[in-house]
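Below are my notes on the model you sent. They are meant to be read with the structure open.

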Amino acid sequence: MRLRLKRRLFGQFAIATTFGTMVESLKAKTLAQSKPQSRPPSAISPDPSSFVDIKLRVNGTEHALKIEPRVTLLDVLRERLNLTGSKKGCDHGQCGACTVLVDGRRVNSCLTFAIMHTDAKITTIEGLAQGENLHPMQAAFIARDAFQCGYCTPGQICSAVGLVNEKHAKSDADIRELMSGNICRCGAYPNIVNAVRDVLEGKKDAAV
């Protein structure tokens, strides 16, 4: 009889303890939800006094902008100038999808601040063609079917134009090495090499 009583008391005690713990946990959760949530640093509105006035010359057009000094060239191109051809892939300078030309040299626009290029000539994929006439490198990519999904293609083409400007590529091996900073996850590399070679061999007007 005593054993049964002890078991019953123990069971009642265990149930009461568990219930009490659940109630306290629910109270703590409710209290936490009722407190105003602080916004993460990225969500805090920037101080207007930190903005600077700059001018960028992009694809032959000068743009007057007010930006934070920490804003990348890629973000300005995409979010302020609506030039979305340059893609944000890795955002760490590892994939090359954001490649643009700055004074004819290829640059990963996700790694450079816009404020650094106020005196430069910036060319994006949108600025390569002359009206209805495609740039020779664009035409070569189409002729050679040098793309699949197309996400990396703007960066590939801008990088290829920069490669031609540099005048270092003398062979297919050189092209592969000098284009190695541009990743194509679809694996269109053989056709990309063919397209770049076509321009190197037959079309001297690939430079911008």
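Which strands does helix α4 lie across, and at about what angle does the helix run to β3?

1. Helix α4 and the sheet. Helix α4, residues 153-166, lies across β3 and β4. The angle between α4 and β3 is about 35 degrees. Please keep in mind throughout that this is a predicted model.

2. Overall content. The chain has 6 helices and 5 strands. In sequence order they follow the pattern α-β-β-α-β-β-β-α-α-α-α. Of the 208 residues in the chain, 34% are buried. Taking contacts between residues at least 6 apart in sequence, 56% join residues at least 24 apart.

3. The sheet. The 5 strands make an open sheet in the order β2-β1-β5-β3-β4, and the pairing is mixed. The edge positions are held by β2 (61-67) and β4 (105-108); each has a single partner strand, so one side of each has no neighbour in the sheet. On average, neighbouring strands of this sheet are turned by 40 degrees against each other, direction ignored. As background, strands in a sheet pair through backbone hydrogen bonds, in either the parallel or the antiparallel sense.

4. Strand β3 and its two partners. With β4, strand β3 pairs in the antiparallel sense over 4 bridges, and T99 stands opposite N108 of β4. With β5 (residues 121-123), β3 (residues 99-102) also pairs in the antiparallel sense, over 2 bridges. Here V102 has I122 as its bridge partner in β5.

5. The β3-β4 turn. These two strands form a hairpin, with 2 residues between them. D103 lies in the turn and has a positive phi of about 55 degrees.

6. Side chains of β3. Which way do the residues of β3 point, and are they buried or exposed? T99 and L101 point one way, V100 and V102 point the other way, and all are buried. In general, side chains of a regular strand alternate between the two faces of the sheet.

7. V107 is in strand β4. Setting aside neighbours within four places in sequence, V107 contacts C98, T99, V100, V102 and T112. G93 is 14 residues from V107 along the chain, and their C-alpha atoms are separated by 9.3 Å.

8. Helix α2. Residues 73-80 form helix α2, which lies across β1 (52-58), β2, β3 and β5. The angle between α2 and β2 is about 105 degrees.

9. The cavity. How many cavities of 30 Å³ or more does a search of the whole structure find? The search finds 1, and the largest cavity holds about 30 Å³ of space. Its lining consists of L74, K87, K88, G89, C90, D91, G93, C95, G96, C98 and C110. By residue type, the lining divides into 5 nonpolar, 3 polar and 3 charged.

10. Helix α3 and its cover. In helix α3 (residues 136-143), the buried residues are P136, M137, Q138, A140 and F141. The elements covering the buried residues of α3 include α4 and α6 (189-202). D145 follows α3 and has a positive phi, near 55 degrees.

11. Q156. This residue is in helix α4. Is Q156 buried or exposed? Q156 is buried, because its relative accessible area is 2%, and a residue counts as buried under 20%. Apart from neighbours within four places in sequence, Q156 is in contact with F141, M179, N182, I183, C184 and I192.

12. D174. Helix α5 (residues 172-178) contains D174. D174 is partly exposed, since its relative accessible area is 26%, and that class lies between 20% and 50%. Not counting residues up to four places away in sequence, D174 touches H168 and A169. L163 is 11 residues from D174 in sequence, and the two are 9.9 Å apart in space, C-alpha to C-alpha.

Terms used:
Residues are numbered from 1 along each chain as its sequence is written. This is a predicted model: local features need pLDDT of at least 70, side-chain atom pairs count only at pLDDT 80 or more; totals for chains, interfaces and linings use all residues. Side-chain values use heavy atoms; hydrogens and water are left out. Buried means under 20% relative accessible area, exposed over 50%, partly exposed in between (1.4 Å probe, protein chains only). Contact means heavy atoms within 4.5 Å. Two strands pair if DSSP finds at least two bridges between them. Axes are lines fitted to C-alpha atoms, for helices over the stretch in contact, and angles run from 0 to 180 degrees between N-to-C directions. On a 1 Å grid over the protein atoms alone, a cavity is a set of points where a 1.4 Å probe fits but cannot get out, and a pocket is an open set with protein on both sides within 12 Å along at least five of seven lines; lining residues have an atom within 4 Å of a point. Grid points are joined across faces, edges and corners, and a volume is the space filled by probe spheres set on the points. Ala, Val, Leu, Ile, Met, Phe, Trp, Tyr, Cys and Pro count as nonpolar, Asp, Glu, Lys and Arg as charged, and the others, Gly among them, as polar.
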